[in-house]
Amino acid sequence: MAQEILSTDPYLARFNAAKAALPGAAQSWLSELREQAAARFRELGFPTQRHESWKYTPLKALKDLTFKPAGETGQTASLDRVPTLLTESDSPLRATLVGGVFRADLSALDGLPAGATVEPLSALLEREPAALEPWLGQIATDRDQPLLALNTALFDDGLVIRLGKNVVLDSPLELTFLGPLSEEPTQLHPRVLILLDQGAEATLLEHHFGYGDAPVFHNGVSEIALGENARLTHLKLQSAPSGTFHFATTHVRQERDSSYESFALNHGGALSRLETRVKLIGTGADCHLNGAYLLRDRQHGDITTVIDHQVPHCTSKEVIKGALDDRARGVFQGLIRVAPDAQKSDGRMLNKTLLLSEKAEIDTKPELEIFADDVQCAHGATTGEIDHDAIFYLRSRGLPEARARSLMVESFLTETVEELSDESLRPLVLERIRDWLGTQGPQGEEQSA
């Protein structure tokens, strides 16, 4: 079957027209980085199903859409409050981006402790570019990722979060990404840099939200560096509107005895891909990548992970579960790679999917690449329908069928929510799962009638 190739021309033309005005353009190191990224994007092109890692996620839905940069569309809707995952009593720290641009008036950062800073990337590139040169584009270095290259060429804002040695955030920092307040198709390429020095600790709540169903091409990249003994808990909720094409890539580099724990809940947008790549480069580093996908109608959601054990005595664990209804399609691709010198590695991966409709689909591909001989690594994947005997049992106890199905799905997904080590975050995720279950699709309506 012929592949539908997206043209790179509009994006490269945008780069050539805008590069002199992009933040940090006066810095030769950054200009060179952007030029190299643009050349790489030109060489690679948009990914197609001929690329193994994109085999199950076609981009043909973007082919006939022309996305304008957010700065050229105007923002037609007003905004008087920012949705939050927390209550006022939680006294959250908050950084908000609207259409990829930091908004100080919608942020609350006065409670940051000494040694912690949260700043817009564009401002820091103008004020203190030398501080970013060792980091920006140096953690996300993979050369085979066209969307990463496109982001590097075009990013014009984002956030830089820095915690100095032994600095601890006592309360979570909420990062809210609101889609552009525009009725025109818009492209966004935000860049986030998170640097935790030795012994620093933080919890980040990252929430992607939006208004309206105007098409949005969100192509975000995050780079995270964890120093020795640093600890980061990273909760990500992707709740974008139905017209959004949401692509987010996170690159993590972990030093000795550091800990990175991520939980991703992917249930928004028309087409989404959350890709996480972790490099364990310090002995004793520990990584947990967990999450869930909840999709219905014709949504397509892709969770792709790559964990590189590069040194001995590192651990990783991954539990991803999903529920698919109607004609939704899910994709899980997970790879644990163990280098020849990474003896005593412990890596485990599990993917389970519940199909709630005969027309829902899942493509799952857990993989191990092991080049060391003294390791403990395992992976597994299961896919199945809802247990009809259990539904019958619950109905015999007086529960309506729709309620019985919801209980079964919630119970199935709770296992992965319990992987969150911070118990205070679990209710927050379960509430979103219950919200999703409370909005029954055609299948639920039909069966509950």
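Trainee: Which residues does Pro129 touch, not counting residues up to four places away in sequence?

Mentor: In this predicted model, Pro129 touches Gln27, Trp29 and Leu124. Contact requires heavy atoms within 4.5 Å.

Trainee: Why is Pro129 called buried?

Mentor: The relative accessible area of Pro129 is 12%. Buried means under 20%, so Pro129 counts as buried. Pro129 lies in helix 5, residues 129–132.

Trainee: How far apart are Pro129 and His379 in sequence and in space?

Mentor: The two are 250 residues apart in sequence, and their C-alpha atoms are 43 Å apart in space.

Trainee: What makes Lys68 and Glu184 a salt bridge?

Mentor: Their closest N and O atoms are 3.1 Å apart. The cut-off is 4 Å between a side-chain nitrogen of Lys or Arg and a carboxyl oxygen of Asp or Glu, so the pair of Lys68 and Glu184 qualifies. This pair links distant parts of the chain, 116 residues apart: Lys68 is in strand 1 (residues 68–69), while Glu184 is in the loop between strand 6 (173–178) and strand 7 (186–188).

Trainee: Why is Lys68 called partly exposed?

Mentor: Lys68 has 34% relative accessibility. Partly exposed covers the range between under 20% for buried and over 50% for exposed, so Lys68 belongs there. Glu184, at 29%, is also partly exposed.

Trainee: How do you know that Asp105 forms a salt bridge with Arg103?

Mentor: The closest N and O atoms of Asp105 and Arg103 are 2.8 Å apart, and the rule asks for within 4 Å. The pair therefore counts.

Trainee: Are Asp105 and Arg103 buried, partly exposed or exposed?

Mentor: Asp105 has a relative accessible area of 57%. Exposed means over 50%, so Asp105 is exposed. Arg103 has 24% relative accessibility and counts as partly exposed.

Trainee: What makes Arg191 and Glu223 a salt bridge, and where in the chain are they?

Mentor: Their side chains meet at 3.2 Å, N to O, and the limit is 4 Å, so they form a salt bridge. Arg191 is in strand 8 (residues 191–196) and Glu223 in strand 10 (residues 216–226), so that the bridge links distant parts of the chain, 32 residues apart.

Trainee: Why are Arg191 and Glu223 called buried?

Mentor: Arg191 is at 1% relative accessibility and Glu223 at 0%. Buried means under 20%, so the term applies to Arg191 and to Glu223.

Trainee: Which residues do salt bridges with shared partners join into one network?

Mentor: The network consists of Asp142, Arg273, Glu275, Arg277 and Asp302. The count of salt bridges in the model comes to 25.

Trainee: What caps the N-terminal end of helix 7?

Mentor: Asp387 caps helix 7 (residues 388–396), with a side-chain oxygen 3.0 Å from the backbone nitrogen of Asp389. The cut-off for a polar contact is 3.5 Å, so the pair of atoms falls within it. Helix 7 is followed by Gly398, which has a positive phi, near 100°.

Terms used: Residues are numbered from 1 along each chain as its sequence is written. This is a predicted model: local features need pLDDT of at least 70, side-chain atom pairs count only at pLDDT 80 or more; totals for chains, interfaces and linings use all residues. Side-chain values use heavy atoms; hydrogens and water are left out. A polar contact is a pair of N or O atoms within 3.5 Å; within protein, one must be able to donate a hydrogen and the other to accept it, and residues adjacent in sequence count only if both atoms are side-chain atoms. Helices (H or I, at least four residues) and strands (E, at least two) are DSSP runs, numbered from the N terminus. Buried means under 20% relative accessible area, exposed over 50%, partly exposed in between (1.4 Å probe, protein chains only).
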